[in-house]
Structure formats: structure tokens, C-alpha cells
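Student: I have just opened this entry and would like to be walked through it. Could we start with the terms and then take one topic at a time?

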Amino acid sequence: PQPGRPTRWIPVTALVAYLACRVATAIAVAIADLSTHNSVVFDLTRWDGVWFLRAVHHGYPSHLPMAHGHVVANPVAFFPLFPLLVRAGVSAGLDAGVAALVLSGVTGLTAVWAVGLLARHLAGDAAGARAALVFAVFPGTFAFSFPYSEGIVVTCAAFGLIALLDRRWWLAGVLGMVATAASPVALAFVVSCAWAAGVAVRRDRRYGALVAPLLAPLGFVAYMAYLWRHTGELAAWRLTERGGWQSYPSLSYPFRIVWKFVSDPLSPTLTGQILMAGTVAAVIGVVLMRREHQPAPVFLYGLCVAVAAAVSQPVGLRPRFLMLAFPMVMALGTRYEGRTHRVVVAVCVVLLALMTALEAGSQAVFP
């Protein structure tokens, strides 16, 4: 591969596989809707999609809604870039649900491309193609069939990591700023920027590198500042997360998941089983990232996303958050080839089908 000129390469097989997954999901939901008489858009705009669409239609509340002394669920928990882009689609004449699904699907496509380009940048064309394909069918990518902001985050973070490796500091910072306006998960990319800039300053006295870690968190900072002014509450986002979703950092959470499973493997709910499997997958992912000798900014991004998810109760290491820690997924593609690679892809396809069916047709496990 030629550093600095990665856009001349397209992982066709991975992109076709990705599109096939999205089409298959839409067809399956449409067939199921023959008996329920729901629309495909209605059934796919579930879970977080409901809150994103509320932000599109009604904006953010000027006062945090309360019940029994606690903040209740409201759109403040959902970062503004995705609903703002959906509003642009609505202004162009699209239905909000359709615009949200199209945006998620298109940014999922660019995410597959970006992850493939990053893998190619590190390990060559063949490895890049394999990594893109594994990512395209990874179980967590069911989120691209729902109106979620994951595609924006992965696209910007993957291209941002390429920019860091190429020492394109302004580009990395701007991509980080966009990503952190879409999701707090993208703050992991700020760690990568800080590490890369620190190395550049220490080794080469490149003080211009500091622009990357300075710019990257501004999307997050701007949203926090907006909420402070809009609601009058500095901690509006954190209070909404804690009150509305009982979500908060807990260092003991991953250990409790493991202990509950180890002490009685049949006792955890389906959610508990998925979280335990995700914890094992994350440990394997960290090992693979190290064995693939991923550059520190890439490794740190994957590690930080995984750790943040692991200690976030009740989120944990669900497939969607493992997908967001895409250097782990990427390592599966760059390390394994031939028959092993085909087995990995086949297993991912089966698990993706199961996760999609579970999230589109059940309330048993939130994504």
C-alpha cells in the first residue's frame, strides 16, 4: 500500500457482503410484517432510534424531565450530529425514519471501507480485503440496519487513525471533532491523538501535532456546553444517562458478569450470556491486536473503547460495542487467511443473523 494515497483501493467483496446483509434484513422484516401489518421503517426504528427521532422532531428539552426526584429518559442522552444530519434529509423531503435508516446504512458502508483501508495501510491489500469482509459481517454490524450513529463514529475514527499514522494532524483533529459530536465513544480517539502527538513532540519537536488532541474532543465539549446553556444543568448528559438508563461507570461490573457466569453458568439471563461471550471476545481481541503489532494509536483506540464499554453498567461488551472497538475485529482479518478466514466469516454471518433477528423481533436484549 501507499501511505497517504489509500482511497484508490476499494474492498468490493466486503461492500457487496455489507449491502447483501442490509437487503436481507429489510426483506426479512418485510416478510415478518405481512402478519404484523407494521411497516419496515417502523420495525427498524427501534431502541436508540426512537430517541434519535425524538431529537429530530422535537429537539432537546430545555428542562430535564423529572420523576420521583430523578431525571427520566429523554433525548439528551443522544449526541446531536446524527439527528442534525437526519433533519437535513427531512428538509430535502424525506420521511425522518427513512432518512435516519439511509444515513445509518450509508455511513455503515463507509465504515466498512474505512476499516479496510486502515487494515490495508498496516498490512497490505489482501489483509485489508479480509479485514473489511470480517468487519462487514461482524455480529455488531446489525446496528447499521437501525438508525444509529455507529457508522459515523467508525468511519471518522478509522480515517482519523490513518491520518494520525500519516501525521496529518489537522485532518485527524477535524475527524475526531466530527466523531465526538456523534457519540461519547469517540473520546477513545482523543487518547489516540494525544499519544501520537506526544510521540511527535518528544521525538521530533513537531508541536503542530498538538492540534489533533486539541481539536478532536471539541464535538463532545460543544455538546456539553450547549446542554449547560440550554438546560441550565452542567451535568445534563450524565444525569440523563444515570437517571434514564441507570447507566454509570462501574469498575466491578465486568468482574461481576464473569463471576456470575463462572459460579453458575446457567443462571445468567440471555443478556448475561451475551455479555460473558463479549468479555471473552474482547480478551481475545486484545491479544490479537498485540500479536498483530498494531501501532499504538490503533491499539489504544480499540483498547479504550473496549474498556469503556466493559465498565459501563449495564452496557458491557455487547456485539455493538465490540464492533465499535474495530481494531479488534480488524485483527481477525489481518491475522487469519485461507480456510481459517472463511470459517471466521461464516461464524460471523451466523451470529449476525441471530443478533439481527433478536434485535428486530424481540425486546429480550437491548442492543
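Tutor: Helices here are DSSP runs of at least four residues, numbered from the N terminus. By that numbering, L354 belongs to helix α18, which covers residues 338-361. Please keep in mind that this is a predicted model.

Student: Is L354 buried or exposed?

Tutor: L354 has a relative accessible area of 54%. The cut-off for exposed is over 50%, so L354 counts as exposed.

Student: Which residues make a nonpolar surface patch with L354?

Tutor: The patch is made by V343, V347, V350 and L351 together with L354, and its area is about 430 Å². As background, an α-helix has 3.6 residues a turn, so residues three or four places apart point the same way.

Student: Which residues of α1 are buried?

Tutor: They are A14, L15, A17, Y18, C21, R22, T25, V29 and D33.

Student: And what covers them?

Tutor: The cover includes α2 (40-44), α5 (96-123), α6 (125-136) and α18. Helix α18 is also where L354 lies.

Student: What follows α1?

Tutor: H37 comes after α1, in the loop between α1 and α2. H37 has a positive phi of about 65° although it is not a glycine. With a relative accessible area of 70%, H37 is exposed.

Student: You mentioned peptide bonds. Where is there a cis one?

Tutor: The bond from Q313 to P314 is cis, with omega near 5°. P314 is placed in the loop between β4 (312-313) and α16.

Student: New topic: how many salt bridges are there?

Tutor: The count comes to 7. One of them pairs R320 with D48, whose closest N and O atoms are 3.6 Å apart. R320 lies in helix α16 (residues 319-324) and D48 in helix α3 (residues 48-58), so this pair ties together parts that are 272 residues apart in sequence. Both R320 and D48 are buried.

Student: What about R167?

Tutor: R167 forms a salt bridge with D204, and the closest N and O atoms are 2.9 Å apart. Because R167 is in the loop between α7 (150-165) and α8 (169-180) while D204 is in helix α9 (residues 187-204), the pair connects parts 37 residues apart in sequence. R167 counts as partly exposed, at 37% relative accessibility, and D204 counts as partly exposed at 37%.

Student: Which partner does R335 have?

Tutor: R335 pairs with E292, with the closest N and O atoms 3.1 Å apart. This pair links distant parts of the chain, 43 residues apart: R335 is in helix α17 (residues 326-335), and E292 is in the loop between α14 (270-291) and α15 (296-310). R335 is partly exposed at 33% relative accessibility, as is E292 with a relative accessible area of 23%.

Key: Residues numbered from 1 in each chain as written. Predicted model: local features only at pLDDT ≥ 70, side-chain atom pairs only at ≥ 80, totals over all residues. Heavy atoms only, no water. Salt bridge = Lys/Arg side-chain N within 4 Å of Asp/Glu carboxyl O. Helix = DSSP H or I, 4+ residues; strand = E, 2+ residues; numbered from the N terminus. Buried < 20%, exposed > 50% of the residue type's maximum accessible area, 1.4 Å probe, protein only. Patch = residues over 30% accessible without salt bridge, like charges linked within 9 Å, V, L, I, M, F, W, Y side chains within 5 Å. Areas by Shrake-Rupley, 256 points an atom, 1.4 Å probe, with all protein chains shown as cover. Contact = heavy atoms within 4.5 Å.
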